[in-house]
Amino acid sequence: MRFALTEDQVEFRAVVRGLLADTCGPDELRAAWPDAETAGGGPGGGNGRVPGAWSALAEMGVLGIMVPEAQGGLAMTEEDLIPLLLEAGWAGLPDPLAATAGVAVTLLRHASSSEPRAQELLAQIATGEISLGCVFANSSRSNSTGLESTESASVVAVSNFVPAATSLDQILLCLDDSVHLVDPASLHLERVQSVDGARDLFHFVVPAELGESTALLTGAAAQAATLAAFDFAALGAAAELIGLSRRMLEMTILYATERKQFGVQIGSFQAVKHHLTNASLAVEFAEPLVLRAANSLALGNPQASLHVSMAKAKASAAAKGAAAASLQVHGAIGYTVEYDLHLYMKRSWALAGEFGDVEFHRRRVSAELLAI
Amino acid sequence: MDLTWSESEEAFRTEARSWLESNVPTPSLPSGDTKEGFALHLEWEHRLAADQWAVVSWPKAFGGRDASLWEWLIFEEEYYRVGGPQRVTQNGIFLLAPTIFEFGTAAQQDYYLPRMSSAVDLWCQGWSEPNAGSDLAAVRSKATRDEAAGGWRLSGQKTWTTRGAFCNYLFGLFRTDPESERHKGMTYFMVPLEGDGVTVRGFGRLDGDEGFAEVFFDDLFIPDDDGTPDTMVRGGILGEVNQGWGVAMATTSSERGLTLRSPGRFQATATRLVDLARERMGDGLSQQMADAVADAWIDAEAYSLFTLSDVTGVVEGVSMGARSSYNKIFWSELDVRLHEVALDLLGAEAELDGPWMKGYQFALSGPIYAGTNEIQRNIVAERVLGLPRK
């Protein structure tokens with residue numbers, strides 16, 4: 001028994017943290033927003049990407065961390081990638097790191113034995129030359145986004161949104177029983193306004209012309225791959241949410257020790273202390289759930305989906321709590337877009353609901369526990 | 001990360017499980033916080049001790065098995081899984097023993113620890129006083145030096161002493177420097193509750209059991225410890241005179257202490273909650289109730305994982321320090337929540353004096369004792385998050 005990251009994992013994580021601190025600060029985040037005004041500054045015209053951070057991550061081999069050796073990757077596991085996503089969250093990195101290095105790799109590994117296209121994409125991920133989006137879409141081909149949570153614990157939360165879509169090389173589209181490889185240029189993408197501009201979000205309708213030429217996986221193989229990929233997507237978001245929470249709390253603690261009212265630091269007030277302790281408590285007890293789920297995914301534990309849902313439910317709730325406490329303790333300054341807090345707070349709002357919100361994942365758990 | 005148990009740990013689990021399954025009394029014992037229930041629990045403690053299951057993580061010489069912290073966790077998991085009785089010896093084992101291990105002389109360790117593990121001596125704590133609760137440094141009970149007689153004379157009052165009416169020893173802080181204030185000038189005493197100069201008055205707790213006591217000291221004489229059983233049976237001092245605060249605080253975050261409150265207990269409660277929800281499904285369980293059950297169950301798992309991570313740290317030499325306040329807040333509030341959800345499931349039956357209502361009332365004491373959760377939140381804020389004290 002040893003419930004902690006290995007020395008190598010701790011070291012890798014520290015290196016990525018340093019790299020992101022250098023390449024993905026608040027200025028770079030604002031530059032990823034299409035609109036300078038809502039970003040609270042920056043040049044405007046961003047496309048949901050931080051190119052400096054992405055190329056540094058690619059150069060370090062982070063994108064190929066889970067790619068098999070045969071395709072030039074590091075052949076490591078979810079247990080190695082998830083800690084890095086904690087750091088991506090901390091930095092507020094908007095780029096499709098979880099989508100490319102985790103979700104897409106999971107899908108493509110399922111397809112690689114029979115699909116030369118999958119092998120080729122894995123190799124391109126490993127070299128860092130492509131970025132991919134992954135969508136668990138509503139196959140009814142309507143405009144609706146929906147939640148299907150009544151069947152069993154194996155369901156996925158669907159949505160037809162994809163962030164930074166125009167910057168992507170390919171999109172992997174998971175439907176009920178097929179997984180397709182789609183060129184974003186072939187989709188009718190409609191830019192929508194996410195509260196978090198750095199996500200540069202697009203909506204699309206599943207195109208009618210999907211078929212054998214686009215399909216990477218079909219039938220039971222597609223379902224298994226989709227479930228595994230969805231689990232990674234949810235867990236990746238959970239890890240980013242923990243990182244975001246830690247970032248917001250760090251900022252807030254710093255502010256509460258600097259800001260004075262009534263002649264003293266506001267962090268000395270018990271009401272402020274208790275807000276921040278409560279927020280921190282939720283984060284501290286959610287993170288072990290995230291790390292355990294990473295271990296379960298890496299080992300193919302039959303309870304992995306359950307563990308992922310426990311982690312995502314608690315990480316989403318913890319991040320919402322951390323955001324609320326951070327805003328409240330900052331007061332009016334936190335309510336402005338010139339101040340950096342909103343960059344991280346808005347991401348946490350977005351990710352809290354992405355790939356299943358608290359309610360969705362709690363229901364995956366209760367379905368399993370109570371057999372309902 | 002390796003979330004599996006070794007062969008020897010699995011063997012330990014098998015041994016513990018088989019012993020517990022054939023020894024844990026059925027039906028379960030009445031509350032150990034009543035006079036008759038306490039006697040039955042004492043019998044149980046003697047049976048545990050006879051087969052070296054009372055304090056598995058202690059050295060063999062003191063009645064333990066030299067078990068690792070991991071094995072201790074395994075034992076606790078099995079203990080609560082089979083519904084083992086409440087441990088009426090726990091205040092001694094979790095609160096006093098870590099202090100004896102750290103500050104006791106060899107003679108004190110040899111004398112007190114085996115008697116504690118075999119439930120010959122039963123210890124209650126004497127921290128709180130009528131005017132010293134959360135503000136423990138406001139202690140006024142005092143010990144006056146009697147040089148001629150060679151010892152100390154204790155006077156004052158302790159209160160909220162759990163199972164004080166059934167125990168024969170108390171440990172606590174007494175002011176030995178009459179000029180001192182606050183954290184200074186206190187000494188950590190071990191005090192017999194029998195004989196001239198001590199009066200114990202039991203009174204009812206919220207749950208109706210007579211588990212509380214107040215203890216009055218009126219010139220109780222404690223002779224200087226000369227290292228022999230003859231003096232130690234009459235009590236003594238742990239650590240240095242006037243250094244009692246430091247002695248008491250040194251082990252508050254001890255991994256042997258209350259802070260690593262066994263996850264097995266809450267997982268067992270969470271499992272019973274899930275069973276109850278399944279039983280009630282015939283009555284039509286609302287999605288809201290199912291969600292509440294799932295949420296509380298996830299928290300029990302989270303506590304267990306948090307503990308595994310803490311124990312990994314301790315095993316590798318990282319002190320838990322103030323982080324242990326996180327544990328106390330979380331497990332005590334989790335325990336309340338598990339019972340609240342169960343009572344919600346029971347609906348109109350909730351008010352009946354059944355195990356869930358009993359357990360609820362017991363759980364409600366968690367956020368109060370061993371440092372209220374308000375105090376614990378201050379500790380986290382100041383010593384973990386780094387917020388300013390004033």
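Residues count as buried under 20% relative accessible area, as exposed over 50% and as partly exposed in between (1.4 Å probe, protein chains only). This is a predicted model, in which local features need pLDDT of at least 70 and side-chain atom pairs count only at pLDDT 80 or more, while totals for chains, interfaces and linings use all residues. Residues are numbered from 1 along each chain as its sequence is written, chains are lettered from A and ligands numbered from 1 in the order in which they are written, and side-chain values use heavy atoms, with hydrogens and water left out.

**View 1. Salt bridge between R323(B) and E284(A).** The closest N and O atoms of R323(B) and E284(A) are 3.3 Å apart; a salt bridge is a side-chain nitrogen of Lys or Arg within 4 Å of a carboxyl oxygen of Asp or Glu. This pair crosses between chains, with R323(B) in the loop between α9 (287–315) and α10 (324–346) of chain B and E284(A) in helix α9 of chain A. Helices (H or I, at least four residues) and strands (E, at least two) are DSSP runs, numbered from the N terminus. R323(B) is partly exposed at 27% relative accessibility, whereas E284(A) is buried at 12%.

**View 2. Interface of chain A and chain B.** Chain A brings 40 residues to the contact and chain B 45 residues, contact meaning heavy atoms within 4.5 Å. About 4,200 Å² is buried between the two chains, and carbon and sulfur atoms give 68% of this area. Buried area here is the accessible area (1.4 Å probe) that two parts lose on being put together, summed over both. On the chain A side, M1(A), F3(A) and F285(A) lose the most area to chain B, together 21% of what that side buries.

**View 3. Salt bridges across the interface.** Eight salt bridges are found between chain A and chain B. One of the salt bridges in the model joins the side chains of K273(A) and E382(B) at 2.6 Å, N to O. On the side of chain A that touches chain B, α8 (219–258), α9 (270–299), α10 (304–330) and α12 (358–370) of chain A each give two or more residues. The most come from α9(A), with 15 residues.

**View 4. Salt bridge between R13(A) and E87(A).** The side chains of R13(A) and E87(A) meet at 2.7 Å, N to O. R13(A) lies in helix α1 (residues 7–23) of chain A and E87(A) in helix α5 (residues 78–91) of chain A, 74 residues apart. Both residues, R13(A) and E87(A), are buried.

**View 5. Aromatic pairs in chain B.** Over all chains the structure holds 38 aromatic pairs. Rings of Phe, Tyr and Trp (its six-membered ring) pair if their centres lie within 6.5 Å; planes under 30 degrees apart count as stacked, over 60 as edge-to-face and the rest as tilted. W19(B) and W44(B) have ring centres 5.8 Å apart and planes at 40 degrees, so this pair is tilted. W19(B) is buried at 11% relative accessible area, and W44(B) is buried at 1%. W160(B) and F203(B) form an edge-to-face pair, 6.0 Å centre to centre with 70 degrees between the planes. W160(B) is partly exposed at 47% relative accessibility, whereas F203(B) is buried at 18%.
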